[in-house]
Amino acid sequence: MGIRFFRGEKIKLEHEFRQLREIVRILREEYAQEPVYILTGVLVANGQIDCIILTRNGPVLLDLKAFRGEIRGLENGNWEVGTKDGPIPLPNLFLQAKIHRQDFIDRMIPVCREHFPHVGEQNLRRTASWLYFCRGSTYPAGQIDFRKVKWFRVVTADDLLEKLRFVDSGYTLRIQDMDAIVRGFHLEEYSFEKESPLIPAAREERRPLLSRRALTALVVILAAFLVAVLILALVPGARIAAGNAVQGILAVAGGWVQSLAGGALKTNTTVDESRQAVLHLNRIRAAEGKPPILFDERAYALALARARDMEQYGYLDYTNPRTGSSALALKRSYGFSLNDTLIETLYGQWTSYVPGIETQAIDSWMMDAGNRQRLFFNQTSGAIACSRGYCSYIGVRYAPQEVAAGQPSGNITANLSAQPQTLPG
C-alpha cells in the first residue's frame with residue numbers, strides 16, 4: 001500500500017516541486033494503508049495537468065498555483081489574488097480547470113471502455129478538477145456556487161484532506177484500474193524524492209538462482225537427509241516409526257490442502273455468511289438508533305440469483321441490459337407477492353469472491369448517501385448475497401395484510417433512486 005508516483009514530464013518549476021512535496025507529506029499520513037497514485041506532469045490536448053491524485057474514490061485533478069491571498073474569480077472573466085502587496089492579475093482559472101478536466105475525460109473514455117466498463121462513461125463526467133493555492137489562501141463565498149459546479153473547488157493544504165474525503169465519483173477505483181489509467185496515459189513510475197525513474201522488474205540485473213545463504217541451507221538439508229537414511233538403514237524399528245510419522249504428516253497436509261482448495265474454489269455467499277452479514281448491518285443500524293432487521297431466506301435466494309445474473313452477464317445495474325431481468329421482475333418467483341415492496345442495493349468491481357466481501361459491501365454502502373438511506377430504511381428483514389465479485393442486498397417490506405396474516409415482520413423495502421455503490425482494492 002502507500003503512494004506510488006508516475007509522470008509524463010519531469011517537474012521543471014521549483015514552486016511545483018514545493019507544493020507537490022507538501023501534498024505528498026499530507027497524503028502519506030492519511031493514506032498509509034490505502035493505495036494512492038500521484039501522477040505529475042501529465043500532458044493532455046490543451047496543455048499539462050500539474051498533478052492527478054488517484055484514490056479509491058476516483059481521480060482528482062490539481063492545478064498548482066504558487067500564490068497566497070484572497071482569491072477572486074467567477075466562471076467568466078479574469079481572476080486575481082489579493083496580496084499584502086496588492087492584487088495580482090491571473091487568467092480565467094476556472095476555464096483552465098474546465099479544459100484540463102475535459103481533456104482528461106476524453107483520454108479516460110477509451111481506457112474505461114477497455115479496462116473497467118462497469119464504471120460507465122457518464123460517471124467520468126463527475127471527475128474533480130481543483131485549484132491548489134498556497135496555505136492560508138481563501139476563496140470567499142458568493143462567487144462560484146459549488147453546489148451547482150460540484151466538480152470544481154479551490155483548496156489549500158489546510159483543507160485538501162477534508163475535500164478528498166467527500167469526493168463523489170459514483171464508483172470506486174481498484175488497483176488494477178489505477179494501473180490501467182497509468183498505462184493508458186503512457187506514464188513512467190519514478191521516485192519522487194530522487195527524481196529518478198524506477199527500473200521495471202524485467203530490466204533489473206540478473207541475480208544468481210540461489211544466494212549464498214540459500215545454498216548453505218540446501219547443503220544442511222541434504223546432510224540431514226543423508227543422516228536420516230543411515231538411521232533408517234542401521235537402527236531396528238526406525239522404518240516403522242518413520243512410516244507412521246509420514247502417514248500422520250500426509251493426513252494433516254491432505255486436510256489442509258482440502259480446506260485451502262475449498263476456500264479457493266468458493267464463488268458465492270452461503271446462508272450462514274449472509275446471516276452474519278445481516279448481524280453486522282444490525283450493529284450499524286443500532287448505532288444509528290434504527291431497529292434491527294430479521295434475516296430473510298427468500299431475500300437471500302433472490303439476492304444470490306441477482307448476483308449470479310450480474311456475474312454471468314458482466315454488468316452492475318438494477319436491470320439486466322440484455323434480458324431485462326431485475327429484482328422486481330423476479331419477486332413472485334421467490335415467494336413475494338405483488339404488493340410486497342423490495343429494495344435492492346448493489347456492490348461490485350471485484351474480480352473474484354473473497355471472504356468477508358459481504359461486510360465490505362455493507363461498509364462501502366455506508367459511505368454513500370443514497371445506499372446508506374436504503375439500508376437505514378424502515379425494513380424488517382433482508383439479506384445479502386455475492387457471486388464472485390458481484391453483490392446484491394435485498395430488503396423487504398410485506399404488504400400490511402400479509403403481515404397481519406402471519407408473514408415474518410422483517411421484510412421491508414422501498415424503491416429509492418440511488419446509484420449502486422462499487423468498490424475494491
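Select strand 8 and strand 9 (residues 152-155) in this predicted model. The two strands run parallel and are joined by four bridges.

Is strand 8 mostly covered or mostly open? Strand 8 is mostly covered, with five of its five residues buried. In a regular strand, side chains alternate between the two faces of the sheet. On one side of strand 8 are Ala128, Trp130 and Tyr132. On the other are Ser129 and Leu131. Both faces are covered, as the residues on each side are all buried.

Now go to the largest cavity. Rolling a probe the size of a water molecule over the atoms shows where empty space is left. The space in the largest cavity comes to about 40 Å³. To display its lining, select Glu9, Lys10, Ile11, Glu16, Leu20, Thr40, Gly41, Gln48 and Asp50. Which elements each supply at least two residues of this lining? They are helix 1 (14-30), strand 2 (35-44) and strand 3 (47-55). Coloured by class, the lining shows four charged, three polar and two nonpolar residues.

Stay with helix 1 and select arginine 28. Its side chain meets that of glutamate 193 in a salt bridge, at 2.7 Å from N to O. This pair links distant parts of the chain, 165 residues apart: arginine 28 lies in helix 1, and glutamate 193 in the loop between strand 10 (188-191) and strand 11 (196-197). Arginine 28 has a relative accessible area of 39%, so it counts as partly exposed.

A search of the whole structure finds 21 salt bridges. Three further stops come from this group.

- Select aspartate 159 and lysine 163, whose side chains meet in a salt bridge at 3.3 Å, N to O. Aspartate 159 is buried because its relative accessible area is 18%, while lysine 163, at 23%, counts as partly exposed.
- Select glutamate 288 and arginine 372, whose side chains form a salt bridge at 3.3 Å, N to O. This pair too links distant parts of the chain, 84 residues apart, with glutamate 288 in the loop between helix 8 (271-287) and strand 12 (294-295) and arginine 372 in helix 12 (residues 369-375). Glutamate 288 has 44% relative accessibility and so counts as partly exposed; arginine 372, at 27%, is also partly exposed.
- Select Arg4, Asp179 and Glu189, which are linked in a network of salt bridges.

Finish with the cysteines. The structure holds one disulfide. Which cysteines does it join? Select cysteine 386 and cysteine 391, which it joins with an S to S distance of 2.1 Å. Why is this disulfide right-handed? The torsion about the S-S bond of cysteine 386 and cysteine 391 is about 110 degrees, so the disulfide is right-handed. Both cysteine 386 and cysteine 391 are buried.

Cysteine 112, at 1% relative accessibility, counts as buried.

Methods: Residues are numbered from 1 along each chain as its sequence is written. This is a predicted model: local features need pLDDT of at least 70, side-chain atom pairs count only at pLDDT 80 or more; totals for chains, interfaces and linings use all residues. Side-chain values use heavy atoms; hydrogens and water are left out. On a 1 Å grid over the protein atoms alone, a cavity is a set of points where a 1.4 Å probe fits but cannot get out, and a pocket is an open set with protein on both sides within 12 Å along at least five of seven lines; lining residues have an atom within 4 Å of a point. Grid points are joined across faces, edges and corners, and a volume is the space filled by probe spheres set on the points. Ala, Val, Leu, Ile, Met, Phe, Trp, Tyr, Cys and Pro count as nonpolar, Asp, Glu, Lys and Arg as charged, and the others, Gly among them, as polar. A disulfide is a pair of cysteine sulfur atoms within 2.5 Å. Buried means under 20% relative accessible area, exposed over 50%, partly exposed in between (1.4 Å probe, protein chains only). A salt bridge is a side-chain nitrogen of Lys or Arg within 4 Å of a carboxyl oxygen of Asp or Glu. Two strands pair if DSSP finds at least two bridges between them.
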